[in-house]
Amino acid sequence: MPLRLNSRGIPTWRGTELDLPPKERAVLTQLIQNSPDPVSKDAIIQHAWMGDRSVSDDSLVRCISQLRKALPDAKIESVYGYGYRLLLARDSTGFRPVPSTNASMAHEQCLHASMLAQQHSAKPLKQAISVFRSVTLTAPNFAPAKIGLAKTITTAMAIGLDTHVGVSQAEAIEHLEAAAVLAPDSPDLLSAQAWLRDSQWRFREARTMHIEALRMAPDNADALLFYGLHLSGTGRPEEAIGPLRRLLMLRPYSIQIRAILARTLGMLNRYTEAMEEIAIAEDHDYAGSSPALKGVKIMVSAAFEPTQRLAQIAEKLSSSTNIPPYARINLPYVLAQCGLLCKARNLVQERLQSCLPNSPEGILMVKDLVAIGEMEQAAERLLGAFTSRFSYLPLFLQSPELAPLLTHPAVEKAYREMYQEVWQERGAPSVIRNP
């Protein structure tokens, strides 16, 4: 074994101590100690950077890149969506091999793309898809790129951004079918297939696959996220809390995941807990630049503690184009909650003129219509989303702002038909209501 730790805990290569900078030495030491098991990115940062929350993923990527240059004969492998591992022997990755000249570059590009995709907003999702597509062309036998691309496409559809980033369900299916040939036993593949089933409203199949993927890889970050979103999207937000909290143990500094957890707690009327999660996320968001976090905070606050000041903040931020749909600030809702109903009505009427009913933007306006009491018009638009099988609809329907609409006879009927299959097994949940 040419690469090992000596009695002083210093990495050595064929018995000679390696002269490495402190960060590279700390990372390599951790990889050697855990080999061949993978080490999560968060664990590496905690060890080598003493948990410094300001450390970016790019800093870790650069550190790994320097180690690979210093040790060209050592195999430091990226574990997609998780971290890195050091292979001291010829361990199998479970994937068909990529030519060695392309392997490191493909891993790094996919890692970069997955980091972009985690932001869940239009611009970074589009960039991630572009990177994944490029890797699938340059390394056609590299299964993680195909799986990553399919996951990112499905995520864009599931949160209502598919038209913004130019993707289709057919493309996701194509890449998953190709990946199934290359890596049939991959938990990443199974998790991606389950996530796609959710976007197709095949909830029973999806649930079985989500559970199996987590049985195979209990600490797979994407599997935990997708299962949490599956539970929320099928009317089980209380059950989604567990997977989301487990996920935060793996990614404690993820602002997006904590924002999703806060929004889920808000669905359950657990306001204090939701605001606690938002406060932690704000502490981690040292640059104060996360639009998703700001959007979630405003919408949760509007439901429980509406104030004139909140309405003013919402007006300033509502024009942001980089807020994902689950965190979107529905300004008319906020204004109505804050007692500015007339202003909310005028804004809705203005927006209706520039929004096609069956476009993603038009469907998202259902919340605005509910806020001003236009229930029949809101129901009509929502029924159009049922008919067109709008991919974002499962998560959209769980918004507390829509609770009054779910008792509308036509909407309630469509809602129950949509979930009939999965609820036959588990029982229909009660409708979540605003406080």
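In what sense do strand 4 and strand 6 pair, and over how many bridges? They pair in the antiparallel sense over 2 bridges, with strand 6 covering residues 83-87.

The model is predicted: local features need pLDDT of at least 70, side-chain atom pairs count only at pLDDT 80 or more, and totals for chains, interfaces and linings use all residues. Residues are numbered from 1 along each chain as its sequence is written, and side-chain values use heavy atoms, without hydrogens and water.

**View 1. The protein chain overall.** The chain holds 23 helices and 6 strands. Both are DSSP runs numbered from the N terminus: helices are H or I with at least four residues, strands are E with at least two. Of the 435 residues, 57% are buried (under 20% relative accessible area, 1.4 Å probe, protein chains only). Accessible surface comes to about 18700 Å², and 51% of that belongs to carbon and sulfur atoms (Shrake-Rupley method, 1.4 Å probe). Contacts (heavy atoms within 4.5 Å) between residues at least 6 apart in sequence join residues at least 24 apart in 62% of cases.

View 2. Pairing requires at least two DSSP bridges between two strands.

**View 3. Strand 6 and its partners.** Strand 5 joins strand 6 through 5 bridges. There, K75 stands opposite L87. Strand 6 is mostly covered, with 5 of its 5 residues buried. G83, R85 and L87 point one way; Y84 and L86 point the other way.

**View 4. The largest cavity.** The whole structure has 7 cavities of 30 Å³ or more. A cavity is a set of points on a 1 Å grid over the protein atoms alone where a 1.4 Å probe fits but cannot get out; lining residues have an atom within 4 Å of a point. The largest cavity has a volume of about 190 Å³, the space filled by probe spheres set on points joined across faces, edges and corners. Its lining has 14 residues, and L229, R263, M267, Y326 and L395 are the closest to its centre. Helix 11 (221-233) and helix 13 (255-267) each supply at least two lining residues. Helix 13 gives the most, with 4 residues.

Technical notes: Buried < 20%, exposed > 50% of the residue type's maximum accessible area, 1.4 Å probe, protein only. 1 Å grid on protein atoms, 1.4 Å probe; cavity = no way out; pocket = protein on both sides within 12 Å on 5 of 7 lines; lining within 4 Å.
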